[in-house]
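Please open the model in your viewer and keep the selection tool handy. We will go from stop to stop, and at each one you will hear what to select and what is there.

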Amino acid sequence: MELANRVRQVTPSMTLEISAKAKAMRAAGIDVCSFSAGEPDFDTPAHIKEAAKQALDSGKTRYGPAAGEPALRTAIAHKLQRDNNLSYEAGNIIVTNGGKHSLYSLMMVAINPGDEVIIPSPYWVSYPEMIKLAGGNPVIIPTTAEAGYKITPAQLQAAITKNTKLFILNSPSNPTGTVYTPDELDALAQVILSTDIYVVSDEIYEKILYDGAKHLSIGAISPEMFERTIISNGFAKAYAMTGWRVGYLAGSNELIQSMTTLQSQSTSNVCTFAQYGAIAALDQPQGCVEAMRRAFEERRSYILPRVNNIPGLSAAKPNGAFYLYVDIESVGLPSLEFCSTLLDEKHVAAIPGIAFGKESTVRISYATDLDTIQRGMDRLEAFVQSRL
Ligand SMILES: *Cc1c(COP(=O)(O)O)cnc(C)c1O
């Protein structure tokens, strides 16, 4: 069969591919140390699972409203007020099949052919592909390690054209762990407000922060900025609920209504009983979030000096998320070759920087146990030594 043009220009997710190869090697009995995971290694907290089990037992097994269970939309609106100082009604919220799907649906309803979406690189692998699927043009703005992988107001200003519709901001960032400060967000907000573009704020890592870094949603900067902000978030990273597929988007009534129409004709509602787990995640005590954050922090304290003590590698200290973004320039291998050779020879999985739009870098996820991190670092060290 001749396939649609739309899918030909889309590259499959390299992160999912490498994770799959590492899993297959492990299934074949090979001892793989994986730094490729884009998900917490923890099990979903028991009280969240319990809430979903209770929902199943009480018959929450049927179709629900396309925009999500009313109780969950209300709980999300409360959360956005409580945590982020953003005043949304339940009607401003749509529950989606993960944060990825909230962004995908957004592109489908917001982007016309020829519309431009500004993305700072290194970027999350799915942003450019979603925009292309929607017929839009991703406009990639490279950032540097020296600038902390942050886009500057001048760079943003220079990238805006009459076709620009959206700017995607991801703080804390996957893959770099970068967190924008309030002043930096304020400066970007000034640029946005001097134009008529909107910002999509992907806040999925807002709970995973270190060294006293605080999360500020760009939408909380001013009432004017609130009107120009679209929030994407989800339960996957903060609550170790990646497989549940529950995320959400907050925006204007008009936007939410059109996304609801799209969802009603494509996926219908998100798994009904999974949404009850999400309600428990938001409404019950948040100790589990802090316990996981502390575990990530402990691992970061170990892995960061290990990487920086390997001659030829360097990584900045990330203030959020659970990734190290490592410069491999001195090793002299393209990132894809670096990662495939590392996996074949040393059985260590990491993601090539090219997947995030930047050569000569790799992403190392420390969302794995300390023993794996120690053994994997020994192997990485031996690998780099053998190449220098
Ligand atoms: C993981 C992730 C998401 C969304 O993940 P879901 O599992 O779909 O909720 C969105 N943005 C970034 C940057 C991520 O890393």
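Start by selecting N85, which is placed in the loop between α4 (70–84) and β2 (93–96). The helix and strand names used on this tour are DSSP runs numbered from the N terminus, with helices being H or I of at least four residues and strands being E of at least two. Show the backbone of N85: its phi is near 60°, a positive value in a residue other than glycine.

Before moving on, a word about what you are viewing: this is a predicted model, in which local features need pLDDT of at least 70 and side-chain atom pairs count only at pLDDT 80 or more, while totals for chains, interfaces and linings use all residues. Residues are numbered from 1 along each chain as its sequence is written, and side-chain values use heavy atoms, with hydrogens and water left out.

**Stop 1: the ligand**

Select the ligand and the residues around it. Which residues come nearest? Of the 13 residues around the ligand, they are G99, D202, Y205, K237 and R245; a residue is near if one of its heavy atoms lies within 4 Å of the molecule. By class, this shell divides into five nonpolar, four polar and four charged residues. Here Ala, Val, Leu, Ile, Met, Phe, Trp, Tyr, Cys and Pro count as nonpolar, Asp, Glu, Lys and Arg as charged, and the others, Gly among them, as polar.

- G99: a backbone N or O atom is 2.7 Å from an oxygen atom of the ligand.
- N174: an N or O atom in the side chain is 2.8 Å from an oxygen atom of the ligand.
- D202: a polar side-chain atom is 2.6 Å from a nitrogen atom of the ligand.

On its own the ligand has 380 Å² of accessible area, and the protein covers 94% of it (Shrake-Rupley method, 1.4 Å probe; for residues, only the protein chains shown count as cover).

**Stop 2: the largest pocket**

Rolling a probe the size of a water molecule over the atoms shows where empty space is left. On a 1 Å grid over the protein atoms alone, a cavity is a set of points where a 1.4 Å probe fits but cannot get out, a pocket is an open set with protein on both sides within 12 Å along at least five of seven lines, and lining residues have an atom within 4 Å of a point.

Where is the ligand? It sits in the largest pocket, as more than half of its atoms lie within 2 Å of the grid points. This pocket holds about 860 Å³ of space; grid points are joined across faces, edges and corners, and a volume is the space filled by probe spheres set on the points. Select L16, A37, G38, E39 and T242, which lie nearest the centre among the 42 lining residues. Then colour α2 (14–27), which gives the most to the lining, with seven residues.

**Stop 3: the cavities**

The whole structure has four cavities of 30 Å³ or more. For the largest, of about 140 Å³, select P120, P122, N170, S173 and Y180, the residues nearest the centre out of 16 in its lining. Strand β5 (164–170) gives the most to this lining, with three residues. How many charged residues does the lining have? There are none, alongside nine nonpolar and seven polar.

Zoom in on P122, in the loop between β3 and α6 (126–133): the peptide bond from S121 to P122 is cis, with omega near 0°. Then go to P172, in the loop between β5 and α8 (182–193), where the peptide bond from S171 is also cis, with omega near -10°.

The second largest cavity has about 60 Å³ of space, and its lining includes K79, I204, E206 and K207.

**Last stop: S266**

Finish at S266, in the loop between α10 (253–264) and α11 (272–283). A polar atom of its side chain lies 2.6 Å from the backbone oxygen of L262.

Terms used:
Polar contact = N/O pair within 3.5 Å; in protein donor to acceptor, adjacent residues only side chain to side chain.
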